[in-house]
Amino acid sequence: MQDNTIPMTGRSKTIGLLLFFLAVSGCAPDESPLKAENEALKKQVSRQESLLTSLQDGNKVMQQQIDLLNQELRDAKQATESAKASATRLSELLDDQLAQTKRMNAEIQRTAAAQAAQHVKIDDKGAQFDTLPHPLGTVAKVVEEALSRNGYQLKVGIKTEQKAVYITERKISTPASLEVAGFRNQYLISLQALPANVTKLGVKAEFEKVAQGGRILSVSPEETAEIERRLIGEIGKALDAPGKT
């Protein structure tokens, strides 16, 4: 009869192997802490991804706001430049209109003066005349200066390119050179442009003597003519002064 019993040495080896495997199984590391840490890392990564997504969304919104502001700035700049251009055009248009208005006013004044000069009837009968080798504009200026210098205020003053008429207020004064004290006078002065820058000057005086109590005395034609010649002489003297052309 065959003996199937395992020898003691073989049995001992078998038991030893079993014990070894049991020992190895019993010494396997506990994976629970690693799993917990892994889960914690996963949650942290998830939170960071969520935060990153939120930041990216916030950046997108901020970029949209920046783009909107930039567009508004561009629109505002464009509107400002357009307003400046419009203001410049309006200013230029206003300047043109003002210049046109000034030209029209000057033309109206010249036309009115010319019409007035044509309709003013000058009674220069008995006036003193002289021909001056100066243009009408120069003579007119000297006449105005002479009248002002001697205290005469203009009642009528009309000037055109070809004619000029002056009528002074009547006055009683002690003038510097034209009259003597106690005389009352009023001038009518006419100017007419002639060819070659020559001007015809006419001076007529309404000359009176005033006695005490305001009584008017008669004056001879010679005395009136002398007063007229004095003004003509003063005008001629002023025109012959240096600087007059």
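These legends describe close-up views of a predicted model.

**View 1. An open sheet is built from five strands.** The strand order is β1-β7-β6-β3-β2. The pairing is antiparallel. At the edges lie β1, residues 128–132, and β2, residues 154–159. Each of these edge strands pairs on one side only. From one strand to the next, the twist averages 10°.

**View 2. Strands β3 and β6 are joined by bridges.** Strand β3 covers residues 163–168, and strand β6 covers residues 187–194. The two run antiparallel. Five bridges link them. Look for V165: its bridge partner in β6 is S190.

**View 3. Helix α3 packs on the sheet.** This helix spans residues 136–149.

**View 4. T168 sits in strand β3.** Is T168 buried or exposed? T168 has a relative accessible area of 0%, so it counts as buried, since the cut-off for buried is under 20%. The T168 side chain reaches the backbone nitrogen of Y187 at 2.8 Å. Leaving aside residues up to four places away in sequence, T168 touches L147, Y152, Q153, L154, K155, Q186 and Y187.

How values were computed
Residues numbered from 1 in each chain as written. Predicted model: local features only at pLDDT ≥ 70, side-chain atom pairs only at ≥ 80, totals over all residues. Heavy atoms only, no water. Pairing = 2+ DSSP bridges. Helix = DSSP H or I, 4+ residues; strand = E, 2+ residues; numbered from the N terminus. Axes fitted to C-alpha atoms, helices over the stretch in contact; angles between N-to-C directions. Contact = heavy atoms within 4.5 Å. Buried < 20%, exposed > 50% of the residue type's maximum accessible area, 1.4 Å probe, protein only. Polar contact = N/O pair within 3.5 Å; in protein donor to acceptor, adjacent residues only side chain to side chain.
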